[in-house]
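Work through the exercises below with the coordinates open. Each task is followed by a stepwise solution.

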Amino acid sequence: MAVDLSKKQGDLYKDAKSFNFGLPALDVSVAFPQATPASIFPPCTSDYYQFDDLLTTEEKSTRLKVRECMEREVAPIMTEYWEKAEFPFHIVPKLAALRIAGGTIKGYGCPGLSIAGSAIATAEVARVDASCSTFILVHSSLAMLTIALCGSEEQKQKYLPSLAQLDTLACWALTEPDYGSDASALKTMATKVAGGWVLEGQKRWIGNSTFADVLIIFARNAITNQINGYIVKKNAPGLSATKIENKIGLRMVQNGDILLKKVFVPDEDRLPGVNSFQDTNKVLAVSRVMVAWQPIGISMGVYDMCHRYLKERKQFGAPLAAFQINQQKLVQMLGNVQAMLLIGWRLCKMYENGKMTPGHASLGKAWITSKARETVALGRELLGGNGILADFLVAKAFCDLEPIYTYEGTYDINSLVTGRDITGIASFKPAASRQISRL
């Protein structure tokens with residue numbers, strides 16, 4: 001295109017734009033017809049050691065119905081909503097119909113799944129989309145489970161049935177701007193007043209918070225100096241939640257900053273079973289197992305995508321699957337998935353038998369997320385240029401895994417929890433200033 005130097009810069013831009021700019025992008029299936037995008041999700045090929053044989057009939061049924069729903073309803077739209085950093089609320093009724101919200105909780109309209117069944121459901125959601133799995137995990141394995149384990153009978157009857165149906169949505173607010181790994185030092189305060197409590201403080205990184213109907217808030221009791229839990233309604237005066245922008249991972253998850261300015265909570269919405277930070281461990285023990293199954297699911301999806309891609313994509317006159325180095329990487333990914341599945345399975349069985357310690361859960365979460373990182377990075381390599389496009393899943397999964405590697409305890413913090421378990425020595429603080437660990 002010849003450029004007329006006598007024209008103004010604005011006119012040049014208009015001419016250039018009218019010539020070849022501003023056109024809609026080609027559909028990926030047209031732009032790159034040699035391989036199928038993730039909107040048509042690949043079949044599951046990662047169960048090489050026939051893990052499915054270990055499942056009960058009910059667990060197999062749960063796995064299949066979740067897989068079918070995610071592939072049919074979520075796979076076609078996930079890239080669009082991930083790019084927009086918006087949550088697809090229109091799929092909530094589809095997720096509700098799966099009857100997985102509430103997980104292991106029995107009664108109150110909850111499904112009462114085995115912990116393995118709930119874990120498998122988590123993995124199957126994450127296999128297609130990690131953001132959707134985080135949405136459910138925050139709502140179910142954190143918020144709902146806190147009410148089930150730490151709430152009064154009246155609170156369970158009041159809140160759990162509608163939460164189980166996803167008619168109302170929930171979030172779980174522990175982390176603060178100044179206190180992430182050191183969550184037990186939180187400084188949001190709860191002051192006793194006539195008929196209830198007044199909450200004052202700030203929370204950060206709270207998933208689902210911008211739209212949650214019910215917020216589980218942890219605050220320090222001004223009288224006892226211990227951590228208490230409270231159920232806060234979304235329209236409470238003095239409560240605000242704003243979206244955190246510019247994330248590179250879990251972009252569909254609506255993480256928010258919560259401000260609490262003299263928010264009144266009636267006595268009946270204080271959680272009677274949360275009287276210290278240690279009481280949160282009843283919830284975190286289960287949720288950490290569920291979080292460990294997210295990277296399992298992500299790795300399964302990435303392996304499935306790469307397995308199909310390598311057989312479809314051709315270079316040098318042969319499919320990429322015909323090259324030795326690509327086969328080696330694919331087998332390494334497959335081996336990782338088998339090991340992650342079996343460690344996740346063992347965690348579920350130990351929990352069911354009352355043998356799982358916080359150290360077991362922390363090692364599982366830390367090791368599985370570490371291996372998932374390796375697996376997804378190999379997938380990124382195998383897809384070449386398409387490995388940086390969300391359309392082919394792997395780039396999206398690569399980014400989504402990073403916050404999962406961090407939340408529910410970073411790799412390092414989880415390692416220290418296990419280290420304390422095996423040595424009997426807590427090492428969360430520098431030796432020079434360490435007092436008795438709050439953890």
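**Exercise 1. Cavities**

How many cavities of 30 Å³ or more does the count give? Then describe the largest cavity and its lining.

Solution. 
- Step 1. The model is predicted. The count comes to three cavities of 30 Å³ or more.
- Step 2. Take the volume. The largest cavity holds about 100 Å³ of space.
- Step 3. List its lining. Ile100, Ser118, Ala121, Thr122, Val125, Ser133, Ile136, Leu137, Ser140, Ser141 and Met290 line the largest cavity.
- Step 4. Assign elements. Helix H6 (115–128) and helix H7 each give at least two residues to this lining. H7 has the largest share, with five residues.
- Step 5. Sort by class. The lining of the largest cavity has six nonpolar and five polar residues, and no charged ones.

**Exercise 2. The largest pocket**

Give the volume of the largest pocket, then find the residues nearest its centre.

Solution. 
- Step 1. About 1200 Å³ of space lies in the largest pocket.
- Step 2. Its lining counts 45 residues. Nearest the centre lie Thr175, Thr406, Tyr407, Glu408 and Gly409.
- Step 3. By class, the pocket lining has 25 nonpolar, 14 polar and six charged residues.

**Exercise 3. H9 against H11**

At what angle do the axes of H9 and H11 cross?

Solution. 
- Step 1. The axes of H9 (residues 281–312) and H11 (residues 358–382) come within 9 Å and cross at roughly 20°.
- Step 2. Angles under 35 degrees count as roughly parallel. H9 and H11 are therefore roughly parallel to each other.
- Step 3. Their crossing is left-handed.
- Step 4. The classes in the contact of H9 with H11 are 15 nonpolar, six polar and two charged residues.

**Exercise 4. H7 against H9**

Are H7 and H9 roughly parallel or roughly antiparallel?

Solution. 
- Step 1. H7 and H9 pack at about 165°, and their axes are 10 Å apart.
- Step 2. That angle makes H7 roughly antiparallel to H9.
- Step 3. H7 passes H9 in a right-handed crossing.
- Step 4. From H7, the residues are Ala130, Ser133, Thr134, Leu137, Ser141, Leu142, Leu145, Thr146, Leu149 and Cys150. They meet Lys282, Val283, Leu284, Val286, Ser287, Met290, Val291, Gln294 and Ile298 in H9.
- Step 5. The contact of H7 with H9 divides into 12 nonpolar, six polar and one charged residue.

**Exercise 5. H11 against H13**

Is the crossing of H11 and H13 left-handed or right-handed?

Solution. 
- Step 1. The axes of H11 and H13 come within 8 Å and cross at roughly 145°.
- Step 2. H11 passes H13 in a left-handed crossing.
- Step 3. H11 contributes Pro358, Gly359, His360, Ser362, Leu363, Lys365, Ala366, Trp367 and Ser370. Tyr411, Asn414, Ser415, Val417, Thr418 and Asp421 make the contact from H13.
- Step 4. The classes in the contact of H11 with H13 are six nonpolar, seven polar and two charged.

Notes:
Residues numbered from 1 in each chain as written. Predicted model: local features only at pLDDT ≥ 70, side-chain atom pairs only at ≥ 80, totals over all residues. Heavy atoms only, no water. Axes fitted to C-alpha atoms, helices over the stretch in contact; angles between N-to-C directions. Helix = DSSP H or I, 4+ residues; strand = E, 2+ residues; numbered from the N terminus. Parallel < 35°, antiparallel > 145°, perpendicular 65-115°, else oblique. Left-handed = near helix turned anticlockwise from the far one by under 90°. Nonpolar A, V, L, I, M, F, W, Y, C, P; charged D, E, K, R; others polar. 1 Å grid on protein atoms, 1.4 Å probe; cavity = no way out; pocket = protein on both sides within 12 Å on 5 of 7 lines; lining within 4 Å. Points joined across faces, edges and corners; volume = space filled by probe spheres on them. Contact = heavy atoms within 4.5 Å.
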